[in-house]
Amino acid sequence: MPLKLVIILLLLLPVCGTCAVLKLAGLPWSTTGAVAAVLLSFVAVTALSLGPSLSQQQPAAESTADPPLEATVLGLGASAIASLPVYKYKEKRGSGGGGDDKCSVCLGEVKPKETVKQLPVCAHLFHEGCIDVWLRSHGTCPVCRTPVNAAAAAAVPASVEIVVHTDQAN
């Protein structure tokens with residue numbers, strides 16, 4: 001049943017009820033008719049003023065509904081994530097073996113020979129699996145929130161090794 005028809009019926013029921021009560025109260029038909037005419041004109045004006053706004057609001061309400069979760073893209077796509085360079089982490093020789101690099105996603109230590117990814121713009125370093133999961137739902141670095149530019153990753157050669165220089169001042 002159309003919404004406009006439901007509204008008109010809901011507004012007409014009180015008009016009919018009012019006319020019945022007035023007639024039972026002993027008022028003449030001319031007075032009951034005048035009250036009915038005023039109430040019906042109110043119903044008509046209300047229905048006309050609500051009609052276009054209701055028909056315009058209904059599609060707008062449908063269009064602002066939340067899109068399905070799978071249609072919402074928050075992070076990077078699989079091809080953009082795969083285009084980021086992957087390295088084997090290598091700590092600088094003579095640094096004492098106490099690597100201070102940590103993956104900011106899992107908070108675990110990055111150990112030598114682990115597969116890591118370095119983001120091309122900000123150069124922050126992460127475990128490959130950790131940053132891949134992060135980037136599926138975020139488009140920024142988890143440390144500095146710099147937008148991840150996957151196109152810049154293509155300019156970085158894939159054969160580079162990451163070597164971290166640590167200074168130990170005792």
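**Helix α4 and its packing**

I looked up what the buried residues of α4 pack against, and found α3 (78-82), β2 and β3 (125-127). Buried here means under 20% relative accessible area, exposed over 50%, and partly exposed in between, with a 1.4 Å probe and protein chains only. Packing goes by contact, that is, heavy atoms within 4.5 Å. Helix α4 covers residues 128-137, and I listed Cys130, Ile131, Asp132, Trp134 and Leu135 as buried in this helix. Helices (H or I, at least four residues) and strands (E, at least two) are DSSP runs, numbered from the N terminus.

I noted that this is a predicted model, in which local features need pLDDT of at least 70 and side-chain atom pairs count only at pLDDT 80 or more, while totals for chains, interfaces and linings use all residues. Residues are numbered from 1 along each chain as its sequence is written, and side-chain values use heavy atoms, with hydrogens and water left out.

**The salt bridge**

I searched for salt bridges (a side-chain nitrogen of Lys or Arg within 4 Å of a carboxyl oxygen of Asp or Glu). The count came to one. The side chains of Asp132 and Lys117 form a salt bridge, at 2.7 Å from N to O. Asp132 lies in helix α4 and Lys117 in strand β2, so the pair ties together parts that are 15 residues apart in sequence. I then checked the relative accessible areas: Asp132 is buried at 13%, and Lys117 is buried at 2%.

**Strands β1 and β2**

Lys117 came up again as the bridge partner of Val86 in β2. I found that β1 and β2 (residues 115-118) run antiparallel and are joined by three bridges. Two strands pair if DSSP finds at least two bridges between them. In a regular strand the side chains alternate between the two faces of the sheet. For β1 (residues 86-91), I put Tyr87, Tyr89 and Glu91 on the covered face, and Val86, Lys88 and Lys90 on the uncovered one.

**Thr140**

I located Thr140 in the loop between α4 and α5 (150-153). Leaving out residues up to four places away in sequence, Thr140 touches Trp134, Leu135, Arg145, Thr146, Pro147 and Val148. The side chains of Thr140 and Arg145 are joined by a polar contact of 3.4 Å. A polar contact is a pair of N or O atoms within 3.5 Å; within protein, one must be able to donate a hydrogen and the other to accept it, and residues adjacent in sequence count only if both atoms are side-chain atoms.

**The whole chain**

I recorded five helices and four strands, in the pattern α-α-α-β-β-β-α-α-β along the sequence. Of the 170 residues, 25% count as buried.
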